[in-house]
Amino acid sequence: MKILEEANIQAEKIKQEAEEKLVEVYRESYEEATAEAECRSVELVNEARGNAEREAKNILRTADRRIEEVQEKARKNFDTAVDFILNEFTS
Amino acid sequence: MESEVQGIIDQILHDARENAESILMEARKSAEMMIEKQKELARQKSKGESSSILKRGEDDAETIRRTIITDAKRTVSWMVLSEKERLVTSVLDEVKTRLRAFSQSENYVPILQKLIVDAGIVLSGEKLEVLLSEQDETLPLELGILTKKIIEKTGKETELMISNKKIKSLGGCVIKTHDGRIVIDNTFSDILKRRERELKFETAKILFH
């Protein structure tokens with residue numbers, strides 16, 4: 001019957017078109033998956049950088065405190081240090 | 001009779017169209033499944049590469065983190081070290097100032113005499129030229145006594161002569177052999193320079209104790 005014949009021809013065409021797309025579908029899906037991984041990889045790097053920069057700022061803040069400590073010690077011991085060296089010459 | 005036949009024909013056509021629709025639906029379903037299967041295959045195959053990409057990302061992230069933190073710590077250490085260096089240098093600058101003042105005090109002469117004798121002994125006596133600053137030339141150095149001390153230590157006939165050449169110094173002297181081939185610089189500034197490393201080390205130990 002013509003109706004059935006045409007339906008079968010159409011069905012065959014549908015399957016054939018699908019088969020022709022398979023290579024492209026594979027490629028696109030593969031690229032999509034790896035692109036997601038790339039995206040996530042970039043996110044990881046950016047997150048790490050952001051966190052590290054915050055931590056680095058905290059570390060840098062400690063510099064002032066440490067310098068003050070060193071200056072305080074030096075103030076207390078300045079004359080002792082000067083006298084020590086002078087003794088090397090004058091004794 | 002005619003209507004019965006038409007009815008049968010209509011039924012056959014209706015069935016045929018339904019079958020046709022069914023065939024097409026089956027074909028579309030089959031096509032969709034084929035494509036979905038292919039997508040899934042691609043996803044499975046890509047897992048290895050995706051893992052590598054993520055692992056690389058994690059490694060890069062860790063490297064960046066470590067670099068930034070290390071740089072920050074290094075910067076802080078450098079800042080503290082620079083300040084310590086500055087403070088140690090300020091001690092040595094103060095020492096130079098006090099030595100300049102000391103060289104004008106009465107306690108300076110015995111020290112200058114000792115520096116002359118020490119250098120004379122190192123040069124093993126004989127004819128020696130003593131270079132002093134303009135200010136020190138006028139001091140009562142008692143070269144005769146100093147010469148005797150050098151002779152006692154070296155066993156050699158010794159003569160000390162004050163040179164016409166002057167030196168600029170915080171204090172101390174320069175002693176040369178007569179032929180000028182060997183020179184000992186016993187000025188305060190040269191002693192400070194020679195012993196700089198050791199003195200800075202000792203100064204730092206005291207300052208930052």
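**View 1. Packing of α1(A) against α5(B).** In this predicted model, α1(A) and helix α5 (residues 196-207) of chain B pack at an angle of about 145°, their axes lying 8 Å apart. Axes are lines fitted to C-alpha atoms, for helices over the stretch in contact, and angles run from 0 to 180 degrees between N-to-C directions. Helices (H or I, at least four residues) and strands (E, at least two) are DSSP runs, numbered from the N terminus. The crossing of α1(A) and α5(B) is right-handed (the near helix is turned clockwise from the far one by less than a right angle). From α1(A), residues including A:Phe78, A:Phe84 and A:Ile85 meet B:Leu199, B:Glu202, B:Thr203, B:Ile206 and B:Leu207 of α5(B) (contact: heavy atoms within 4.5 Å). This contact has eight nonpolar, three polar and three charged residues; Ala, Val, Leu, Ile, Met, Phe, Trp, Tyr, Cys and Pro count as nonpolar, Asp, Glu, Lys and Arg as charged, and the others, Gly among them, as polar.

**View 2. The largest pocket.** The volume of the largest pocket is about 180 Å³. A pocket is an open set of points on a 1 Å grid over the protein atoms alone, where a 1.4 Å probe fits, with protein on both sides within 12 Å along at least five of seven lines; lining residues have an atom within 4 Å of a point. Grid points are joined across faces, edges and corners, and the volume is the space filled by probe spheres set on them. Among the lining residues are A:Glu88, A:Phe89, B:Asp118, B:Phe188 and B:Arg195. α2(B) gives the most to this lining, with four residues. By class, the lining divides into five nonpolar, two polar and five charged residues.

**View 3. The open sheet of chain B.** Four strands are ordered β2-β1-β3-β4, with mixed pairing (two strands pair if DSSP finds at least two bridges between them). β2 (158-166) and β4 (183-187) of chain B are at the edges with a single partner strand each, so one side of each has no neighbour in the sheet. Strand β1 (residues 126-132) of chain B runs parallel to β2(B), joined by six bridges. B:Glu129 is opposite B:Met161 in β2(B). α2(B) packs on the sheet, and its direction makes about 25° with that of β3(B).

**Notes.** Residues are numbered from 1 along each chain as its sequence is written, and chains are lettered from A and ligands numbered from 1 in the order in which they are written. Local features need pLDDT of at least 70 and side-chain atom pairs count only at pLDDT 80 or more, while totals for chains, interfaces and linings use all residues; side-chain values use heavy atoms, leaving out hydrogens and water.
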